[in-house]
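Take a look at the chain below.

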Amino acid sequence: MKRANKIVLALAAGSLLTTTACTDPGYIGADDPDRNTKQGALLGAGVGAAIGAITAGGNNRAKGAMTGAVMGAAAGVIGGSILDRQERDLRNAVGNDVAINNTGDRLIVTLPQDILFATDSATLRPDLVRDLRAVAGNLNAYPNSTVQVLGHTDNVGDAGYNQDLSYRRADAVSQVLMSEGVAPGRVQSIGRGEDQPIASNLTPEGRQQNRRVEIVILPSA
């Protein structure tokens, strides 16, 4: 009994160290194309070990932890691999103005509003819809996800107006995605207005960064 508990504690400690290491940017290189596959395996093993130990109970905790670690690692590999692959495909499909951030559990596609819309307008520029169609094609190729389209503005002008404008711009992007075959039930339009800046609104450069549309791709559980 005591020996089993010691093994469980050792596995739990190892899981904690593994999770901590995975969150260290220096542990798995940020440029590693398979970083989320590796992180998914490590994190999945840690979570699986903990769950396996808890659900097994009694003298079976050590065995349950080991079984859970194996199953969790396998699930993590699958999830991380799919997200890495989707990211690679998306980078190959869109232009250089589109930023893609793979956080390990989601993809965040950022498009500067200045390249999508004229000033004070929610009408998409027709010559710049190609990237949105490429994103839609990627979403159709990887259908097991939901999509949040978030509109953001700078703080110039009335806050209520900016809130409405950000929603209308987000919805305009959503309409393109759905017109290209993305199921409407997967897509949600959200206006954030000026509430979530990523740069200072005190400079023109900062305000330009804050005017953006983010497409957040959340893999289904």
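## Helix 6

In this predicted model, helix 6 spans residues 159-179, a run of 21 residues. From its first C-alpha to its last, the helix reaches 30 Å, close to the 30 Å expected at 1.5 Å a residue.

Look at both ends. At the start, a side-chain oxygen of Asp-158 comes to within 3.0 Å of the backbone nitrogen of Gly-160. Gly-181 follows the helix, and its phi is positive, near 105°.

## The buried side

Which residues of helix 6 are buried? Among them are Asn-162, Leu-165, Ser-166, Arg-169, Ala-170, Val-173 and Leu-177. An α-helix has 3.6 residues a turn, so residues three or four places apart point the same way.

Cover for the buried residues comes from several elements, including helix 5 (130-141), strand 3 (145-152) and strand 5 (212-219).

## The core

The largest nonpolar core holds 30 residues. Leu-116, Leu-124, Val-173, Leu-177 and Ile-215 touch the most other members. Helix 3 (61-93), strand 2 (107-112), helix 4, helix 5, strand 3, helix 6 and strand 5 each supply at least two residues of this core.

Now follow Val-173. Leaving out residues up to four places away in sequence, Val-173 touches Leu-116, Phe-117, Leu-124, Leu-132, Val-149, Val-213 and Ile-215. In soluble globular proteins, nonpolar side chains tend to be buried together.

## The whole chain

The protein chain has 7 helices and 5 strands. From the N terminus on, their order is α-α-α-β-β-α-α-β-α-β-α-β. Of the 221 residues, 41% are buried. The chain exposes about 11600 Å², and carbon and sulfur atoms supply 57% of that area.

Methods:
Residues are numbered from 1 along each chain as its sequence is written. This is a predicted model: local features need pLDDT of at least 70, side-chain atom pairs count only at pLDDT 80 or more; totals for chains, interfaces and linings use all residues. Side-chain values use heavy atoms; hydrogens and water are left out. Helices (H or I, at least four residues) and strands (E, at least two) are DSSP runs, numbered from the N terminus. The expected span of a helix is 1.5 Å times one less than its number of residues. Buried means under 20% relative accessible area, exposed over 50%, partly exposed in between (1.4 Å probe, protein chains only). Contact means heavy atoms within 4.5 Å. A polar contact is a pair of N or O atoms within 3.5 Å; within protein, one must be able to donate a hydrogen and the other to accept it, and residues adjacent in sequence count only if both atoms are side-chain atoms. A nonpolar core is a set of buried Ala, Val, Leu, Ile, Met, Phe, Trp, Tyr and Cys residues joined through side-chain atoms within 4.5 Å. Accessible areas come from the Shrake-Rupley method with a 1.4 Å probe; for residues, only the protein chains shown count as cover.
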